[in-house]
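Here are my notes on this one, as you asked. Have the sequence and the model open side by side while you read.

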Amino acid sequence: MIRNIVIVGGGTAGWMAACALAKTFGKAYALRLVESEEIGIVGVGEATVPHLSYFNKSLEIDEAEFIRQTQGTFKLGIQFKDWAHIGDTYIHGFGTLGHDLGSVPFHHYWLRAHLAGRAAELGDYSLNTVAAPREKFMVSATDAPKNSPLAEVAYAYHFDAGLYARYLRRYAEARGVVRTEGKIRETRLRATDGHVESVVLESGEVISGELFIDCSGFRGLLIEEALHTGYEDWTHWLPCDRALAVPCERVGPPTPYTRSTARTAGWQWRIPLQHRTGNGHVYCSKFMSEDEAAAILLRNLDGRALAEPRPLRFTTGKRRKIWNKNVVAVGLAGGFMEPLESTSIYLIQSGVGRLINLMPDRNFSPVVIERYNKQAAFEIERIRDFLILHYFATERLDTPFWQYCGTMQIPEQLTDNIRLFRDSGRFFRDADEMFVVTSWVQVMMGQHFLPHGYHPTVDLIPAVINRSDTARAASAWASEIGSTRTCSGASQTGNAPAKCSIRIAMNRSNEPLTARWMITGRCSVLSSPTKIRPNRSALA
């Protein structure tokens, strides 16, 4: 059994790795993290997917405390503007889409109704995609029936990545992780097998280890500079290679979704936090200069810019091996997928979880390492294909960039998946890939890749979908989320402010946010929002 693990680099990746290992293994391993305050972190991974809640729960982190410490907000999905064509908008929402019948997904029944002219928009059959543009949110209702859409509200978070890293650092250090401040000047390899033996700091201190986790970012200090692992370049499929990031003043309450707006040679993100709004412009340098990209970004901010745009350069792709010898690359050290679907932090979480499951002994079995690399490659390649879909499934021909994207050669498996879906609406999730069927369906239909037919067994069931039932029910549920209830905290404890009403929503009014947020000072008593049941008359 190995005893000493060294994590090179801090930031979100380093401290997530440190926390997970410390929580899982306790004092079984000596955990040491080396980072330098002089080396900045990328820190733009401020939007997440629902999987992060499982990571936080595994660490027994209180959600309200996490939201408060990271200036976080809640996220129901991603709004895509101008992707299919200029003026077009759809939402990729988390969670379920309608109700499947038997083994046939709901969207097949929707397709039959749509082809007959009797269906509302696909997004009208999802609680998340109805509630998000109305700027409403609530956590899952513990007292709702199991088949209620309020019983399992799928959501993720927006947060300040720098604050999250600091929060995790405190967590890890409290559990025995030793942090060393310093810049690494040299990496020493063992002569016998080429494994990393130690790293040498500028101070001269030598830090030895048996397993090294490389969280050094794009540079790949160990995985690339020391071990020369190699890199697979995917820019022929995902051509954007630059980004500019800038925070701006928040204007109004935060919206419960990330926004992605297609621009002339890329796209712009908008991520609402409690104290500011994060913005960025991802673009392709072959079609746009940095000055042009900065001008587009700055003139499309909600409020006053709080800093100068910070440039980032990247190459989309991955290391040829994520685990090489005794080095495992986590986060940007292992590869980069642009943040179009908020997958950066998920890949950190997944990489660390995979390492815990495949933790090596001192022999560093090549069988274990090979399995890790196969699983990592499969996962990131499927995410890659999902991102490519956004660019390829476009009707835009207004700029050379979009002309290229709409006609480029795409991976064979993605081509086959699109062909099958457009033929009869079928899509099959491949093993444990990250994105579920409803995600693929929402993006393909949202960008007008509509199937010509549907599963034939749908015709065995009487038509049930029309504009007056399921869609109206989803709308009614979303409307009820905005109801106001009186806080019972004052009567229970006597500590709540006198005027402590609770708004089960996020909206543009001045009413207080849900008590689950615990950020406005209006209620520090309740640990979860008051639950409500829908007005039955609204569903009649």
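1. First, the ground rules. This is a predicted model, in which local features need pLDDT of at least 70 and side-chain atom pairs count only at pLDDT 80 or more, while totals for chains, interfaces and linings use all residues. Residues are numbered from 1 along each chain as its sequence is written, and side-chain values use heavy atoms, with hydrogens and water left out.

2. On confidence, the mean pLDDT (the predictor's confidence in each residue, from 0 to 100) is 87, and 84% of residues reach 70 or more. The stretch to watch is 482–540, where pLDDT is below 50. Beyond near neighbours in sequence, that stretch still has 123 contacts in the model, a contact being heavy atoms within 4.5 Å.

3. Overall make-up: the protein has 16 helices and 23 strands. Both are DSSP runs numbered from the N terminus, helices being H or I with at least four residues and strands E with at least two. Of the 540 residues, 57% count as buried, meaning under 20% relative accessible area, with exposed over 50% and partly exposed in between (1.4 Å probe, protein chains only). Among contacts with a separation of 6 or more, 75% come from residues 24 or more positions apart. The protein exposes about 22,700 Å², and carbon and sulfur atoms supply 49% of that; the areas come from the Shrake-Rupley method with a 1.4 Å probe, and for residues only the protein chains shown count as cover.

4. Now the six-stranded sheet. It is open and mixed, in the order β7-β2-β1-β11-β20-β19; two strands pair if DSSP finds at least two bridges between them. β7 (178–181) and β19 (323–324) each have a single partner strand, so one side of each lacks a neighbour in the sheet. Further in, β1 (residues 4–8) and β11 (residues 211–214) run parallel and are joined by four bridges. Val6 has Phe212 as its bridge partner in β11.

5. There is also an open sheet of three strands, β12-β18-β21, with antiparallel pairing. Its edges are β12 (231–233) and β21 (335–336), which pair on one side only. β18 (residues 317–319) meets β21 over two bridges, and Gly317 has Phe336 as its bridge partner in β21.

6. Is α13 enclosed or open? Eight of its ten residues are buried, so α13 is largely enclosed by the rest of the structure. The buried set runs Ser439, Trp440, Val441, Gln442, Val443, Met444, Met445 and Gly446. Their cover includes β5 (89–93), α4 (106–115), α5, α10 (366–392) and α12 (412–424). Just after α13, His448 takes a positive phi of about 70°.

7. Ile461 sits in the loop between α13 (437–446) and α14 (470–480). At 30% relative accessibility, Ile461 counts as partly exposed. Together with Leu101 and Leu460, Ile461 makes a nonpolar surface patch of about 280 Å². Patches take residues with over 30% relative accessible area and no salt bridge, joining like charges within 9 Å and nonpolar side chains (Val, Leu, Ile, Met, Phe, Trp, Tyr) within 5 Å; a salt bridge is a side-chain nitrogen of Lys or Arg within 4 Å of a carboxyl oxygen of Asp or Glu.

8. Last, Pro149, in the loop between α5 (127–131) and β6 (156–158). Pro149 counts as partly exposed, at 30% relative accessibility. Ser126 is 23 residues away from Pro149 in sequence and 8.6 Å away in space, C-alpha to C-alpha.
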